[in-house]
Amino acid sequence: MSESHVSPASSYVAMAERFASVVPHVAAMGIEVVTASIAKATLKLPWQAKLVGNHDEGFLHGGAITTLIDSASGLAVFLALEKPPSIATLDLRINYLRPPSQREAVIAEAECYRLTRNIAFVRAFAHHGDLEKPIANSSSTFMLGSPGRPLARGREGDAS
Amino acid sequence: MSRPSTIIEEAWRANDPNRIFQATPYARFLGISIDVVDDAYVCHLAFRDEHIGNPLLPALHGGVTGALLESAAIFHLVWDLNSTSIPTTINMSIDYLRPGRPVDTYASGVVTKQGRRVSNVRVEAWQGARDKPIAAAHGHFLLVSDADA
């Protein structure tokens, strides 16, 4: 991340709030912004009956947790860039570390820890409020600039 | 852990895999059902505007595609292996190959390796042409309860 990319803390939160409201599926899932800062995003998925995978047990479906993690990870990439381009997930690996608790919100914390001209690398954890007891973790990569559109001007120093 | 499911038992008795998806709230929320294509079962995600993750292109949210792939993997583990239990997802690795356009998406897969405790499943999702998948994934699933393992 370059030194020039430092904005007031409130602008990151404002950007995250905008992301949560303009992405249709994030809005449909009821995903909320908890915190946002440079290259980091924390989102919350409130427990909802419609997102349950097995109605006998009330656990959230793994797909809902994947969506929360993918959203937080993509947002972390946006928050790492001075002028965010369109981005696309290249791959996402998710480990389900323990079953989610019944009827509890899930929080996903994502960090974009490496940015090159074309690619962003992100790690994320999902938990119920205690990062020491994660329910899932993930490693993902994103392409900067969408297919058919010019790629954003790269960050200095990296070529990939 | 894998868990016995009365829903799956009922689906088997009726020989109707769609009952599994109809009884799963999240599958109903997304709009996933089962189609028969060339004598094989295929998972079908009916497009809805609320599936969009990139409104500029527009393109499907990666999480929606991931959820379809995970649902398809679990479905094949249950139906192809004549199981009445729901396996537990250990992990999924999803490769996004093309943007998901705002149209219906299909997914199908194979159980690559069936172990005593763990299975490996490969799944692909496509839209127009099946030989141009929009995403491919492989995952590991636990077939026994952690208490038994």
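Residues are numbered from 1 along each chain as its sequence is written, and chains are lettered from A and ligands numbered from 1 in the order in which they are written. In this predicted model, local features need pLDDT of at least 70 and side-chain atom pairs count only at pLDDT 80 or more, while totals for chains, interfaces and linings use all residues; side-chain values use heavy atoms, with hydrogens and water left out.

Chain A contains three helices and eight strands. Helices (H or I, at least four residues) and strands (E, at least two) are DSSP runs, numbered from the N terminus. From that terminus on, the order of elements in chain A is α-α-β-β-β-β-α-β-β-β-β. Of the 160 residues in chain A, 52% are buried. Buried means under 20% relative accessible area, exposed over 50%, and partly exposed in between (1.4 Å probe, protein chains only). Contact means heavy atoms within 4.5 Å. Among contacts in chain A between residues at least 6 apart in sequence, 63% join residues at least 24 apart.

Both chains contribute to one open sheet of twelve strands, in the order β1(A)-β2(A)-β6(A)-β7(A)-β8(A)-β5(A)-β7(B)-β10(B)-β9(B)-β8(B)-β3(B)-β2(B). The pairing is antiparallel. Two strands pair if DSSP finds at least two bridges between them. The edges are β1 (32–37) of chain A and β2 (32–37) of chain B, each of which pairs on one side only. On average, neighbouring strands of this sheet are turned by 25° against each other, direction ignored. Axes here are lines fitted to C-alpha atoms, for helices over the stretch in contact, and angles run from 0 to 180 degrees between N-to-C directions.

Helix α3 (residues 62–78) of chain A packs on this sheet. It touches β2 (40–45), β5 (87–96), β6, β7 and β8 (136–144) of chain A, together with β7 (88–96) of chain B. The direction of α3 makes about 135° with that of β5(A). Within chain A, strands β6 (residues 106–115) and β7 (residues 119–127) pair in the antiparallel sense over eight bridges. In this pair, A:Ala110 has A:Ala124 as its bridge partner.

The chains meet within the sheet where β5(A) and β7(B) pair, antiparallel, over five bridges. There, A:Leu92 has B:Ile94 as its bridge partner. On the β10 side, β7(B) is joined to β10 (residues 135–142) of chain B by eight bridges, again antiparallel. In β10(B), B:Ala137 stands opposite B:Ile94.

The area buried between the chains is about 2900 Å², with 57% given by carbon and sulfur atoms. Buried area is the accessible area (1.4 Å probe) that two parts lose on being put together, summed over both. B:Tyr26, B:Phe29 and B:Tyr96 supply 20% of the area that chain B buries against chain A, more than any other three residues.

The largest nonpolar core has 83 residues. Such a core is a set of buried Ala, Val, Leu, Ile, Met, Phe, Trp, Tyr and Cys residues joined through side-chain atoms within 4.5 Å. Those with the most contacts inside it are A:Ile69, A:Val77, A:Cys112, B:Cys43 and B:Leu69. Helix α4(B) gives the most to this core, with eleven residues. Not counting residues up to four places away in sequence, B:Leu69 touches residues including B:Met92, B:Ile94, B:Val123 and B:Ala137.

In helix α1 (residues 6–14) of chain B, the buried residues are B:Ile7, B:Ile8 and B:Ala11. They line one face of the helix, because they fall within an arc of 95° seen down its axis. The arc is that of the directions from the helix axis to the C-beta atoms. Their cover includes α2 (18–22), α4 (62–79) and β6 (85–86) of chain B.

B:His51 lies in the loop between β3 (40–45) and β4 (52–54) of chain B. At 0% relative accessibility, B:His51 is buried. Its contacts, not counting residues up to four places away in sequence, include A:His25, B:Leu45 and B:His61.

Several backbone features stand in loops. The peptide bond from B:Leu57 to B:Pro58 is cis, with omega near -10°. A:Ala39, in the loop between β1 and β2 of chain A, has phi near 65° and is buried at 5% relative accessible area. B:Asn82, in the loop between α4 and β6 of chain B, has phi near 55° and is exposed at 59%.
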